[in-house]
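Trainee: I would like to learn how to read a model of this kind. Where do we begin?

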Amino acid sequence: MTSEPQDSHRQDAHRDTRRQDAHRDTRRQDAAWQDEHRQDANQAPGGHVPAPDEPPRPVPEHPVGLAVVGAGYWGPKLVRNAQHTPALRLHWLCDLDEAKARAVLGEYSTVGVTDSYRRVLADERVGAVAVATPAGAHYALVRAALEAGKHVLVEKPITTSAAEAEELVDLAERLGLVLMCDHTFCYTPAVRRIRELVHGGEIGDVQFFDSVRINLGLVQPDVDVLWDLAPHDLSILDFVLPPGVEPVGVSAQGADPIGAGRACVAYLTVRLSNGALAHCHVNWLSPTKVRTTLIGGSRRTLVWDDLNPQARLAVHDRGVDLTPPDQLTDAIRHRALISYRVGEMVAPALVEQEALRNVMAEFAAAITEGRAPLTDGRAGVRVLQLLEAASLSLGLGGATVPVGTAVRAGAEVVG
């Protein structure tokens, strides 16, 4: 509930004010959504990443009927982008506050407004639901939608625990339904190009991943800075890592210098299966805003500066080369084994696109093509596993915690 890759560059002050207002009611909304769902649930009926220059996907003969649940901060963005996605047809905006939902849609909208989730799920025109409510309500709402036979797009985090997320993934697979996570940054042109370069071997073997996501506020009332900001970088890491390379251990350190009762500054290190390290720095207390990611490879290094619209992505042909012992000859044996490579920098042309529009198009395409979306439910589970391991490490003073089922079983940590 914290990502807006392009809107944030233009309206940071306005965004922060709206988010502050929304977060005042977060806990009340969690309880209200869950109470309303408990009443309705008993009555409810039972990768390819397109390049920017690719032609648009064909519009299906019958667009997928969609309902958006939640008219808070993120819901209106989903509404706007759904209405501009030809493969989707928006039928409902559902929120406990009908007046708020009507204000989002405007006076002349033909989209229905309701505070009854049961009514949405009972509508045969609705084939899919997009959930944009407080995270505490995600599990109940998503489960009810799946049991009603609806495909689901859910704002991150998919749930508040990896165990609950796995239940939903298993349920969606059993029912043959699409469960997609709104990992919005993964659908920006820059991250899509990064994935292509990494998966295509253009940078060689991944040697390091280093991201910085810092700004002033907002200090959240219910989560620490890791759970607020790190999901963005962890979802990107999960999206771009090449096949066969995966996280195996997590360590995290944090601090609360202002006495907020939760970590406001944190450093997260993820050990990868190929021996490389991924490092994330997140911070609510920085007077300056920084959004950078470096991915170093054995051949090239990628630098992504999300706040630089003129050159968001740079590919550097610079690095360190080590001469293998079996290639040493008598002529070069006396020289250092390490050499420094200094080449050119290339800034690939990227067509500016709204990431959330690509999210909605991918959701519709996954449904109509009967396939898993690029950021499916299992991607959401993997991100939650990293966050849970990070929280455990934070409580253990930075000890390395294994990733996956061993963590949930209380496996031994590494000092």
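Mentor: With a strand pair: β2 (residues 88-94) and β3 run parallel and are joined by three bridges. Strands here are DSSP runs of E with at least two residues, helices are runs of H or I with at least four, and both are numbered from the N terminus. Two strands pair if DSSP finds at least two bridges between them. In β3, V113 is the residue opposite L93.

Trainee: What is the strand order of the open sheet?

Mentor: In general, strands of a sheet pair through backbone hydrogen bonds, either parallel or antiparallel. Here six strands, paired in parallel, follow the order β3-β2-β1-β4-β5-β6. At the edges, β3 (112-114) and β6 (179-182) each pair on one side only.

Trainee: How far can I trust the coordinates?

Mentor: This is a predicted model, where local features need pLDDT of at least 70, side-chain atom pairs count only at pLDDT 80 or more, and totals for chains, interfaces and linings use all residues. Residues are numbered from 1 along each chain as its sequence is written, and side-chain values use heavy atoms, leaving out hydrogens and water. The predictor's confidence in each residue is its pLDDT, from 0 to 100. Where pLDDT is low, the predicted coordinates should not be read in detail. The protein chain has a mean pLDDT of 86, with 78% of its residues at 70 or more. Over residues 6-15, pLDDT is below 50.

Trainee: Is N358 buried or exposed?

Mentor: Buried means under 20% relative accessible area, exposed over 50%, and partly exposed in between (1.4 Å probe, protein chains only). N358 is buried because its relative accessible area is 17%.

Definitions and conventions:
Contact means heavy atoms within 4.5 Å.
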